[in-house]
Amino acid sequence: MGKKIVMLGILCGILTFIGCHFSTETPPTFANNEPGSMSTTYHEQFAYNQFVKQASSSINLMMPFYLADGGLSRTIQNCETYIQVENILGKKEQPLEEKTEEQEQPPAKEDGKQKRIALTFDDGPHQYVTEQILTTLQKHEVKATFFMLGQNVAKYPEIVKKADALGHEIASHTWSHKNLTKLSAKQMQAEINRANEAIYDAIEKYPASYRPPYGAIDEKVREAILLKPVLWNIDTLDWYHKTPAKTLANLKAQAKNNGIVLMHDIHQQSADALEDVILYLKEEGYEFVTTSELL
Ligand code: NI
């Protein structure tokens, strides 16, 4: 009986030892994370670069993607998935550093130069909204470009003067916001000249550029108007949804180097969105310039 207990004891000891042995051996094969242990490593590493690239160029921050086997892009469904991917890839980053160094750019720079962006505000000046926008811009030491409507300039010349004195660029948005492509050359010129004079009356200088209302421009307009036309390539659609969070989301999705952001200084919600817009772009390393400095 005693012998049996001793034998059982020894047997249990051996089994326990084997159990521990396996349980301490098994995890390191995962922890070591040898390249061969994961067939998708290359794609995921590549995916990480894609994600960083995607995020830094801010094409669509809301929907990061990675490349699955076969190189097809897949949207990362939720935050947890992204964290998992990031953790796996974070460990793998070093060996491929040499290879990816040229592809990856530091977030604040592109081609070794500072990223630049121009904030523009159309359709003002507005009695209250433009004032609020000027205050926010001053607080963050940001210079912007105002494409002002001549008829509003004539109404609120003091606001135009203030914007000019604060170092912002005053440009023209024509006199009365007509679609220039529907006008005769004479009518187009009247729209431009009248706005030019109103701006000159306010700040004693003429604008260097204009933005055609609705972005409507064709060869006829270009021929008739010698002032430089300035359009935009980042549309917040602030005038349409009138929602500060959407203005910010649209900006995040489109922000890029040499971008010209379209906003309007006649809607309260646009003014309310501005601070977050500026903070985001500063965080992303953008330098704020006027459109004349950019183009
Ligand atoms: Ni407009």
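Modeller: Asn-258 is partly exposed, since its relative accessible area is 39%. Buried means under 20%, exposed over 50%, and partly exposed lies in between, with a 1.4 Å probe and protein chains only. This is a predicted model, where local features need pLDDT of at least 70, side-chain atom pairs count only at pLDDT 80 or more, and totals for chains, interfaces and linings use all residues. Residues are numbered from 1 along each chain as its sequence is written, and side-chain values use heavy atoms, with hydrogens and water left out.

Biologist: What is the phi of Asn-258, and where does Asn-258 lie?

Modeller: Most residues other than glycine have a negative phi. Asn-258 is not a glycine, yet its phi is positive, about 60 degrees. Asn-258 sits in the loop between α11 (244-254) and β10 (259-264). Helices here are DSSP runs of H or I with at least four residues, strands are E runs of at least two, and both are numbered from the N terminus.

Biologist: Is Tyr-214 buried or exposed?

Modeller: Tyr-214 counts as exposed, because its relative accessibility is 58%. Tyr-214 also has a positive phi, about 65 degrees, without being a glycine. Its place is the loop between β7 (209-210) and α9 (219-224).

Biologist: Which residues join through a cis peptide bond?

Modeller: Most peptide bonds are trans. Gly-124 and Pro-125 are joined by a cis one, with omega about 0 degrees. Pro-125 belongs to the loop between β4 and α5.

Biologist: Which residues coordinate the nickel ion?

Modeller: Donors are N, O and S atoms within 2.8 Å of the metal (3.2 Å for Na, K and Ca); water is not among the atoms, so sites may look incomplete. Asp-123 (OD), His-173 (NE2) and His-177 (NE2) coordinate the nickel ion at 2.0 to 2.2 Å. Asp-123 is in the loop between β4 (113-122) and α5, and His-177 is in the loop between β6 (169-172) and α8 (185-203). These two lie 54 residues apart, linking distant parts of the chain. The donor spacing reads D-x49-H-x3-H.

Biologist: Is Asp-123 buried or exposed?

Modeller: Asp-123 counts as buried, at 12% relative accessibility. His-177 is buried too, at 19%.

Biologist: How do α5 and α12 cross?

Modeller: Two packed helices are described by the angle between their axes and the distance between the axes. The axes of α5 (residues 129-139) and α12 (residues 268-283) come within 9 Å and cross at roughly 10 degrees. Axes are lines fitted to C-alpha atoms, for helices over the stretch in contact, and angles run from 0 to 180 degrees between N-to-C directions. So α5 is roughly parallel to α12. Angles under 35 degrees count as roughly parallel, over 145 as roughly antiparallel, 65 to 115 as roughly perpendicular and the rest as oblique.
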